[in-house]
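Hi,

Here is the structure I promised to pass on. Have a look at it first, and my notes on what turned up follow below.

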Amino acid sequence: MKKNVIVILGQTATGKSSLAVKLAKKINGEIISADSRQVYKGLNIGTGKITKKEMGSVPHHLLDIANPKLQFSVAEFKVQAERELGATIARGHTPIICGGTGFYIDAVTKCLVLPEVPPNQKLRKELSKKSAGDLLKILRKFDRSRANSIDPNNEVRIIRAIEIVKALGKVPKISTTPSKYEFIKIGLYLPEDKLKGKVEKRVIKMFKDGLLSEINKLKKSGLTNKRLQELGFEYYNPDVEGVITKTIQYAKRQMTWFKRDKDIIWIDSSATTSAGMVRRILKLL
């Protein structure tokens, strides 16, 4: 029989990390993060990265594994996530994938066969001079559907998509392979008004906790303004209202991505307690 792997996904600020920890304590689980920015060292406050205290005694993997000066690809994530899945099961524990980066989660749970295209530094340097809007226009010429599904503000991901197209001479059709795991996908969401309230509280706390100091520290370590912009709107000239607005926009894009997956079991995280959600998940195992 296939081994169960639990996936807790969904919008930002819906309580995914907290639920994953509570569940892990019940089932002797280990958590594998699926967040495209929490892989980077030093991006803590702005990404809402779980703290050591919040982790409790639960092992967490794929946090703080990459240098923020360098790009960390979904292909690299897939390799490391699959390694952690196997190692967790070998220890007799249950893997819990937790995060909100849809492409990362799909890469593992749908066993995507990703194109192996090495970085083209010359092309990247040329494209990095262009705005996100101009990059999107270039990508749209090659692949309209990819241009429509990609985060329009994520210049790094758009450049990577163009890089792949240029290297292969065509838009690759991503295929899948059979999985040796049974993925149980739990999606958390909040009604729009409650999501807005949660986001507002989270962003205000980010600034109180020292987001601006975190940004200054990253700058002193050698990160350019361009790279900070690539790492997310929280890291480039942030202000409270701007971050709130862009976070809500991001949450909507997350839901648009996840809604395509009909295997997700959705839970309104405002309509039940964390204990209730844990009980519901345990019944699925």
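A quick definition before the notes: contact here means heavy atoms within 4.5 Å. Also keep in mind that this is a predicted model.

Let's start with Glu30. Leaving aside neighbours within four places in sequence, Glu30 is in contact with Pro59, His61, Thr88, Arg91, His93, Thr94, Pro95 and Ile96. You'll find Glu30 in strand β2, which covers residues 29–33. Is Glu30 buried or exposed? Its relative accessibility is 2%, and buried means under 20%, so Glu30 counts as buried. The side chain of Glu30 also makes a polar contact of 2.7 Å with the side chain of His61.

Now the salt bridges: the structure has 13 of them. One of these joins the side chains of Lys49 and Asp64, at 2.4 Å from N to O. That pair links distant parts of the chain, 15 residues apart: Lys49 sits in the loop between β2 and α2, Asp64 in the loop between β3 and α3. Lys49 is buried at 9% relative accessible area, while Asp64 is partly exposed at 34%.

Another salt bridge pairs Glu155 with Lys226 (2.8 Å, N to O). Glu155 lies in helix α8 and Lys226 in helix α11, so this pair ties together parts 71 residues apart in sequence. Glu155 counts as buried, at 8% relative accessibility, and Lys226 as partly exposed, at 27%.

Then there is Lys196 with Glu200, whose closest N and O atoms are 2.5 Å apart. These two are four residues apart in helix α9, so about one helical turn separates them.

Cheers

Conventions: Residues numbered from 1 in each chain as written. Predicted model: local features only at pLDDT ≥ 70, side-chain atom pairs only at ≥ 80, totals over all residues. Heavy atoms only, no water. Buried < 20%, exposed > 50% of the residue type's maximum accessible area, 1.4 Å probe, protein only. Polar contact = N/O pair within 3.5 Å; in protein donor to acceptor, adjacent residues only side chain to side chain. Salt bridge = Lys/Arg side-chain N within 4 Å of Asp/Glu carboxyl O.
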